[in-house]
Amino acid sequence: MKELLYDIVQTNFAPLFTVVLFVYIVKIDTLIERRVQKLFLLEICCVFIMKLVSIADVVLESMSGPNIRLIRLAVNTLYFGVPPIAFIIITNIFEDLTKKKWYKYYLIPEIASLTVCTWSCFSGAIFSVTEDNVFIRGPLYAVPFIFALFYYIFFFYITATQKKTQSVKTESIFLTIVFTALVISTLIEIFTKRYFILWTTTYICVILYFSLINIHKILYDSLSDAYTRLAFSGLLERYDKRHGFTVAMIDINNLKYLNDTFGHLEGDKAVISVAATIIKNKSKSMKLFRYGGDEFVLTGKANQTDEIRKVLEKSRFEVGDIQGEPITFAFGITEYHPDEDLHVVLNNVDRYMYEDKKQFKKNN
């Protein structure tokens, strides 16, 4: 017994301590919205409790006594019935499902999972524990996994109906990998009779997901879905100075007039429309950054001046209007060549953009 406890402490001290530390980090984080923060705390508390449940079953397995069987039945009811909750919470972090009319029906498989596992305490359908404290699998042992699989499949429906912004695409790919890892770890536990795999995998994935969301807050502009100016600064440091690159400076015309005339919400729509149109038309090798309130930067590989010009000319034609007032933008393009001063290049492209803006004002 003493050796068993040593093994449990050795195996679980680091994960449990990490969970406690993660709670503190989530609570002091100011980048994520309050709803998401609460869900992360709920998820990590669920993981913490289920890790303790897993430990409890391992300890109880080596014990004997009149009430041990009943306690193990209760512990295994939680162990087999709770896992779908991890899928539910993570999916709600990705998209708030509580506002959906069908949300109460979405919870039915989890309620059914807990009900079936509770019923198994009396019927032995999923599992049973003998009077000698021996755990036995029931004929419906895989049923809890099927309930969890429902939420795995349903997640793909959620991602299919989401608006495909740059950040959402990255998040969808990440969560697909996470959900697949959770399903695989569940299967490993079912067929190998191993403990701790599922919930250790879950807490690692939750921490990584939290990190990804914070990275997105830094990398992506929340209004336009373009990359941020900070991301642009990082990109300049990584660009291959041996081959150079192409850069375009973009400035929305008369944004102040749109804000003053139609309100800032309509002005925001103009920013969103310009960014969305350019993102739709650009190639994969190009990146769009929001450089300031009404300014964007579009970058591409070396010798892409003509391609970027075509993208921006097409976007300028397609960008639309705000309450009948056309949305327009000016731009300038240049190339950075090896051995050139980067600051001079950026000043030049800014000057070309303002020349285009002056031409626009002269013509209008």
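The largest pocket of this predicted model has a volume of about 1000 Å³. A pocket here is an open set of points on a 1 Å grid over the protein atoms alone, with protein on both sides within 12 Å along at least five of seven lines, and lining residues have an atom within 4 Å of a point. Its volume is the space filled by probe spheres set on the points, which are joined across faces, edges and corners. In the prediction, local features need pLDDT of at least 70 and side-chain atom pairs count only at pLDDT 80 or more, while totals for chains, interfaces and linings use all residues. Residues are numbered from 1 along each chain as its sequence is written, and side-chain values use heavy atoms, leaving out hydrogens and water.

The largest pocket is lined by 31 residues, and Thr 165, Ser 167, Val 168, Ser 222 and Asp 225 lie nearest its centre. Helix H8 gives the most to this lining, with six residues. By class, the lining of the largest pocket holds 11 nonpolar, eight polar and 12 charged residues (nonpolar: Ala, Val, Leu, Ile, Met, Phe, Trp, Tyr, Cys and Pro; charged: Asp, Glu, Lys and Arg; polar: the others, Gly among them).

Next comes the second largest pocket, with a volume of about 360 Å³. It is lined by 21 residues, and those closest to its centre are Tyr 79, Phe 80, Tyr 141, Glu 189 and Ile 190. Helix H3 (68-81) supplies the largest share of this lining, four residues. The lining of the second largest pocket comprises 12 nonpolar, two polar and seven charged residues.

The structure also holds one cavity of 30 Å³ or more, a cavity being a set of points where a 1.4 Å probe fits but cannot get out. About 40 Å³ of space lies in the largest cavity. Its lining consists of Pro 83, Ala 86, Phe 87, Leu 182, Thr 186, Leu 198, Trp 199 and Thr 202.

Helix H4 (residues 84-94) is largely enclosed by the rest of the structure, because 10 of its 11 residues are buried (under 20% relative accessible area, with a 1.4 Å probe and protein chains only). Among the buried residues of H4 are Ala 86 and Phe 87, which also line the largest cavity.

Note on methods: Buried < 20%, exposed > 50% of the residue type's maximum accessible area, 1.4 Å probe, protein only. Helix = DSSP H or I, 4+ residues; strand = E, 2+ residues; numbered from the N terminus.
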